[in-house]
Amino acid sequence: MTRKTAWLLSNLVLSVMLLLSARSVQAQTFGQASPTATDHGQRVDETLDWNAHLIDGLFTAGTTPPPALRIAAIMNIAMFDAANAVTHRSRPFHFDLDAPPGTSRRAARIGAAYTVLSTIFPTQQAKWDAAKAASVAALSDDEDGTGQSTVNGLAWGTTVALDVLAWRATDGFTRSFAPFTGGTAIGQWRPTPPAFQPMVLMQFAFMAPFVVTSLDQFLPGKPRGLNTDTWVSDYNEVKQIASTTSTTRTADQTSIGWFWAGVGWAHWSEAAHALAVANHSGRETTSRLFAQMATAGADTIETTWHGKRLYAEDPMAVTWRPITAIRLGGDGNPATPADPAWTPYIPTQPHPEYVAAHPSFNGCAAAVLQAYYGDDDNSQSFELSYPVAPSTAFGALPPGVTPTRSFTGIAQAEQEANDARVFGGLHYRSSVNVADGEGRTIAAYVMANFGTPIHRNYREGDGGHGDHNHGNGDCFGDGESAAATTEDWW
């Protein structure tokens, strides 16, 4: 049996299995209104709906920021590639085979998202089942009027999602490492109060990236030294404004510091959702936007963690957190006096200060949104909210901190999110700026190379299928298209 025949047979079996369940879903749900339907002039957008479901799932599970970005990338790549496989209008992120004729792109997105979330969050299965039923009920573009294109789409979305999940199952996320505690050289990161934990999420420093060639490709250079004016400025700014007893931090700056302290994907996904609705973006646009933002975000956070681990091992690199630097004041510079009692407004997370994590994704997300919606005239207004019922990923808001923030532009939100890390006492200004630039660079790379429109002459021959080299037949798309040269596509 040839590889192609094996793939077709496997897909046929999967389609038949899903045919029965999908018809059951249709019989029960067609005509009902989706509870998360997005108003685009009475249109529903599956990408927006399922990213809202994802945020709910992340909150319920208490998922922290780096794993949240990985999950967002897996789900949005699966959704994008599943729908794109119907028309091949754009360069895929990973899966590069053709969907069967008569496949609904909208249903394919539903099937892909449902499969990813069901696999990653199985304890929330009832929630995903209800969301799938509502999404299927809202479909209105069935191609043959019998529901078959919806059945095909759900099955195809599952096929693509299983492939993407299999691809990322070997990315190193489940690896374990010996505890890493940095060192005690002046400027070097070491565990911080109150828990004095070793570096967390070490696997992200060594994981296989999604689309960048390596975690060194866009790695920022070493941080500024202790004998620089920049360090003196960094040190004294955070020392003055970010302590629990600061008299210079305003009430609004206090609110900003805490508001942005949770999962970055939740806030920027909410921003993308609001902007897509306000700008009447079509389904293909939102699918591409979320796939590019999530994938760039995941590669950004992995690059950032790689930098944290690499530089924290270097006794000459300045990676200590403000709480360490300010309490010790051990750099010997009279312009940076110690304060042994200094405590940051936001508790310090257990990983090195440089490269700054939240700001790297802030830059990445803002760059993607600005590429789609512009920002020159500050005309992109939107509002972000803090979860009313916080999970372990979002602490309860302190008294007086407002649960919503309003913005007149993407750049304003980006700047505020970056300022929050200084106001909270977690990062230095120069580290924030470097990290933001890293995220923007990776976003530009992803937007230039993945999800971009293509000419149809790629994939000519062999019935439109590329050559896939999976030896065991368990994974049907290997992402070879992601490594194709420009000439392959144009």
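These legends walk through close-up views of a predicted model. Residues are numbered from 1 along each chain as its sequence is written, and side-chain values use heavy atoms, without hydrogens or water. Local features need pLDDT of at least 70 and side-chain atom pairs pLDDT 80 or more, while totals for chains, interfaces and linings use all residues.

**View 1. Trp-167 meets Phe-210 edge-to-face.** The ring centres are 5.8 Å apart and the planes stand at 90°. Rings of Phe, Tyr and Trp (its six-membered ring) pair if their centres lie within 6.5 Å; planes under 30 degrees apart are stacked, over 60 edge-to-face, the rest tilted. Trp-167 belongs to helix H6 (residues 148-168) and Phe-210 to the loop between H6 and helix H7 (229-241), so the pair ties together parts 43 residues apart in sequence. Helices here are DSSP runs of H or I, at least four residues, numbered from the N terminus.

**View 2. Arg-168 lies over the face of Phe-210.** Here the distance to the ring centre is 3.6 Å. In another spot, the charged end of Arg-91 sits over the ring of Phe-450, 5.1 Å from its centre. A charge sits over a ring if NZ of Lys or CZ of Arg is within 6 Å of the ring centre and within 35 degrees of the ring normal.

**View 3. Ring pairs build a cluster.** Its members are Phe-259, Trp-260, Trp-268, Phe-382, Tyr-386 and Phe-407. The structure holds 23 aromatic pairs.

Definitions and conventions: Helices (H or I, at least four residues) and strands (E, at least two) are DSSP runs, numbered from the N terminus.
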